[in-house]
Amino acid sequence: MLAAFLIGLVVVLGGVLAAATYLPSRSAAPLGVIGGPFRLEDQSSKPVSEQDMKGRPYLVFFGYTHCPDVCPATLFEISEVMRALGHDADRVGALFITVDPERDTPAVLKDYLSNFDPHLRGLTGDPAAVAAALKAYRVYAKKVPTEGGDYTMDHTAVVYLMDKSGRFVSPFNPKQTPEAGAAQLRGYL
Ligand SMILES: [Cu+2]
């Protein structure tokens, strides 16, 4: 899991550096390296695309409901940030996109997310749609078989901060205090 996180971080930072080197100035076209179109559905089976997120800054985190450690911890941290935002939580977004669409149906996501802040939206879709979202965010995810025919998922555990135009800003540190995280998100309202 740590390896997946580090790989993800290297990919993210590498992408940012590549874009920064390539773009002539900060005022030029938005960073196109992370994020992009996706067509998924939320835990209420409502269609969600990147267009629906326009107008609000949002966090994107990829994971899966059977995750033993990193995902629940991160979703808890994101929930704390949402709580610290108070009423402003209605003006930002937080997406939890599954890397395990085989098991994470909308109903499973709905049940799982009832443990966390209600602003969190869990997204899933058919495997091709999820694969496209993973690709757009440069997320690594791989099935790892366990004894007894079960499996876990190795996956990138970066939280992405997107601005209200849907442009990638930077990785978001879920380990900062909820107040600091809330202040950072408020900066993009
Ligand atoms: Cu996980």
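Modeller: Let's start with a word we'll need: contact means heavy atoms within 4.5 Å. Met82 touches Leu59, Ala89, Val92, Gly93, Ala94, Asp117, His119 and Leu185, leaving out residues up to four places away in sequence. By the way, this is a predicted model: local features need pLDDT of at least 70, side-chain atom pairs count only at pLDDT 80 or more, and totals for chains, interfaces and linings use all residues. Residues are numbered from 1 along each chain as its sequence is written, and side-chain values use heavy atoms, with hydrogens and water left out.

Biologist: What makes Cys67, Cys71 and His155 donors of the copper ion?

Modeller: Donors are N, O and S atoms within 2.8 Å of the metal (3.2 Å for Na, K and Ca), and water is not among the atoms, so sites may look incomplete. Cys67 (SG), Cys71 (SG) and His155 (NE2) lie 2.1 to 2.2 Å from the copper ion, so they count as donors. Their spacing along the chain is C-x3-C-x83-H.

Biologist: Why is His155 called buried?

Modeller: Buried means under 20% relative accessible area, exposed over 50%, partly exposed in between (1.4 Å probe, protein chains only). His155 has 0%, so it is buried. Cys67, at 5%, is therefore buried too.

Biologist: How do you know that strand 6 and strand 7 pair?

Modeller: Strands (E, at least two residues) are DSSP runs, numbered from the N terminus, and two strands pair if DSSP finds at least two bridges between them. Strand 6 (residues 141-145) and strand 7 have five bridges, in the antiparallel sense, so they pair. Ala141 stands opposite His155 there.

Key
Helices (H or I, at least four residues) and strands (E, at least two) are DSSP runs, numbered from the N terminus.
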